[in-house]
Amino acid sequence: RSGHYQIYFTRISHEGVELISDIVVRPSPYSSESPTIAWTGSEYGVAWHDNRWYNSDIIFSRLTPAGEPLSSEIRISHAEGVSFYPAAVWSGSAYGLLWADDRLDNLEIYAGIVACD
């Protein structure tokens, strides 16, 4: 819609009816791709790879059920090389994240934890 990839959020009923209008998770002039989402029972955790630093990094954000940010975004990966294809899960007390990363010129899987208050 904007000329580059962006992550959109909406909620859809079991019948396929859109419950809220879709919104951009983070408006940016840079591409955001490959989202993943986890539900805690009261909020969503969303991660994606983002090219705003001219290098693909993993970004994480917590959202309300209406798609509004609950906190500032967190830049999960900071290394040289490309980080991409994140996966998110909720453990009951923290978000677990996995992603592919080639920071050592060898594709590896990395993991991180985002604790919640």
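**Salt bridges and the sheet around them**

Analyst: Arg-26 and Glu-73 join their side chains in a salt bridge, with N to O at 3.2 Å. Arg-26 lies in the loop between β2 (23-24) and β3, while Glu-73 lies in the loop between β5 and β6, so the pair ties together parts that are 47 residues apart in sequence. The model is a predicted one. Arg-26 counts as partly exposed, at 23% relative accessibility, and Glu-73 is likewise partly exposed, with a relative accessible area of 28%.

The structure holds six salt bridges. One of them links the side chains of Asp-50 and Arg-52, at 3.1 Å from N to O, and both Asp-50 and Arg-52 are buried. Another is formed by Asp-101 with Arg-103, whose closest N and O atoms are 2.8 Å apart. In that pair Asp-101 is buried, with a relative accessible area of 0%, whereas Arg-103 counts as partly exposed at 29% relative accessibility. Through salt bridges that share partners, Arg-26, Asp-50, Arg-52 and Glu-73 are joined into one network. As a general point, side chains of opposite charge can pair when their charged atoms come close.

Turning to the strands, an open sheet of four strands runs in the order β3-β4-β5-β6, with antiparallel pairing. The edges are taken by β3 (32-39) and β6 (74-75), each of which has a single partner strand, so one side of each is left without a neighbour in the sheet. Within the sheet, β4 and β5 run antiparallel and are joined by seven bridges; Trp-48 stands opposite Ile-59 in β5, and Gly-45 has Arg-62 of β5 as its bridge partner. The hairpin of β4 and β5 has six residues between the strands, and there Tyr-54 takes a positive phi near 60°.

Strand β5 deserves a separate word. Seven of the seven residues of β5 are buried, so this strand is largely enclosed by the rest of the structure. Asp-57, Ile-59, Ser-61 and Leu-63 point one way from β5, while Ile-58, Phe-60 and Arg-62 point the other way.

In β4 (residues 44-50), the residue His-49 is buried, with a relative accessible area of 8%. Beyond its neighbours within four places in sequence, His-49 is in contact with residues that include Ser-32, Glu-33, Asp-57, Ile-58, Phe-84 and Tyr-85.

The nonpolar residues complete the picture. The largest nonpolar core is made up of nine residues, Ala-38, Ala-47, Ile-58, Phe-60, Ala-88, Tyr-95, Leu-97, Trp-99 and Val-114. Two or more residues of this core come from each of β5 (57-63) and β8 (94-101), and β8 gives the largest share, three residues. Apart from this core lies another, of eight residues, among them Phe-9, Val-46, Trp-48 and Ile-59. Ala-38 touches Glu-43, Tyr-44, Gly-45, Ala-88, Val-89, Trp-90 and Tyr-95, when residues up to four places away in sequence are not counted. In soluble globular proteins, nonpolar side chains tend to be buried together.

Methods
Residues numbered from 1 in each chain as written. Predicted model: local features only at pLDDT ≥ 70, side-chain atom pairs only at ≥ 80, totals over all residues. Heavy atoms only, no water. Buried < 20%, exposed > 50% of the residue type's maximum accessible area, 1.4 Å probe, protein only. Contact = heavy atoms within 4.5 Å. Core = buried A, V, L, I, M, F, W, Y, C linked by side-chain atoms within 4.5 Å. Pairing = 2+ DSSP bridges. Salt bridge = Lys/Arg side-chain N within 4 Å of Asp/Glu carboxyl O.
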